[in-house]
Amino acid sequence: MSEISIDNQSLYFKLSSRYYSDESESLELTFKCLVSPNYTANFNNKNLKLAYNPNSKIMFVGHYAAALALKGKEKGASLGMLFIATQFVDILFFPFVLAGIEKLSFVKGFTAVNDFNMDYYPFTHGLLASLMWSGLFFMLYYFVFSKNKTNKKSIAIVMALAILSHWFTDLIVHTPDLPLVNGEPKFGFGLWNNKVLTFVAEAVLLILGLWYYLKKTKAISKVGKYAALVFVLFLLLINYLNLFVLPANDDIKSLTISALVFYFLFAGIVEYVGRKRV
Ligand SMILES: [Zn+2]
């Protein structure tokens, strides 16, 4: 190599003719093996460009397994609101980061799935805080939203459990960053260190949730017969694209907006789907 230059997140190698041959493809592959999978190598006219691909993915579809299972348990609860509830602490987390209340930093290659280091988020992802949000949802559903329903207690319980489920689902994939209250000890089994295992684990959870939901509910129309299955397949496809295909970004503002848009969009769609089964 005769020249090396760096531009933003890419590293360029100008190859001297000594190293250059027609076997550019195998050369490219060799370089690919030498660098982390977070880099892509492009060989073009004696120039080898190594570009860093930021990874900013979040766990999301796995959380919906709990929402589906809880809807199977208490049919009086809104499936759309259960979807919101299972993501509730993440819905708070991103705006909290933007407001400077909690902290997220980007560390290249932090896990195989993303470049996040969630340094400080006790108010949304502490177990104690999760229990408090969960208690708040119980009260809201028991005393306000479902107060005139005969099954208000059971609805309030499943809504509260949906909030709490987030911490335990995050526990599977996060590296040890989930606190009990604040600071050490922190927990996380670290499945994010393996992209394929992350996808498989989320898919298995979601399919189990769907299976229980379908078992416990009955379709009231033709749409109701297949809509939930189609929607879950759609979520799996989105997650596949999210993990393996779509480019990520490391801008916290646009990440926040896209996360919130998806959370509410999915909740809206699934509310429609949920009304087709009783
Ligand atoms: Zn989370």
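Predicted model: local features only at pLDDT ≥ 70, side-chain atom pairs only at ≥ 80, totals over all residues.
Residues are numbered from 1 along each chain as its sequence is written.

Now color by secondary structure. The protein chain has 10 helices and eight strands. These are DSSP runs numbered from the N terminus: helices are H or I with at least four residues, strands are E with at least two.

**Stop 1: helix H8**

Select residues 195-216. This is helix H8, with 22 residues. From first C-alpha to last it reaches 32 Å, close to the 32 Å expected at 1.5 Å a residue. The expected span is 1.5 Å times one less than the number of residues.

Next, pick out the buried residues of H8: Thr198, Phe199, Glu202, Leu205, Leu206, Gly209, Leu210 and Tyr213. Look down the axis of H8: these residues fall within an arc of 135 degrees, so they line one face of the helix. The arc is that of the directions from the helix axis to the C-beta atoms. On the other side of H8, Val196, Val200, Val204 and Lys215 are exposed.

What do the buried residues of H8 pack against? Show helix H2 (64-73), helix H7 (152-173) and helix H9 (222-245).

**Stop 2: the cores**

A nonpolar core is a set of buried Ala, Val, Leu, Ile, Met, Phe, Trp, Tyr and Cys residues joined through C-beta atoms within 7 Å. The largest has 54 residues. Select Ala67, Leu70, Leu82, Phe83, Ala85, Met159 and Ala162, which touch the most other members. H7 gives the most to this core, with 11 residues.

Zoom in on Ala162. Not counting residues up to four places away in sequence, Ala162 touches Ala66, Ala67, Leu70, Leu82, Ala85 and Thr86. Touching, or contact, means C-beta atoms, placed from the backbone, within 7 Å.

A second, separate core has seven residues, including Ala112, Val173, Leu191 and Trp192.

**Stop 3: Val89**

Go to helix H4 (residues 88-98), where Val89 lies. Is Val89 buried or exposed? Val89 is buried, because 24 other C-beta atoms lie within 10 Å.

Val89 and Thr124 are 35 residues apart in sequence and 5.0 Å apart in space, C-alpha to C-alpha.

How values were computed
Buried ≥ 20, exposed ≤ 12 C-beta atoms within 10 Å, placed from the backbone. Contact = placed C-beta atoms within 7 Å.
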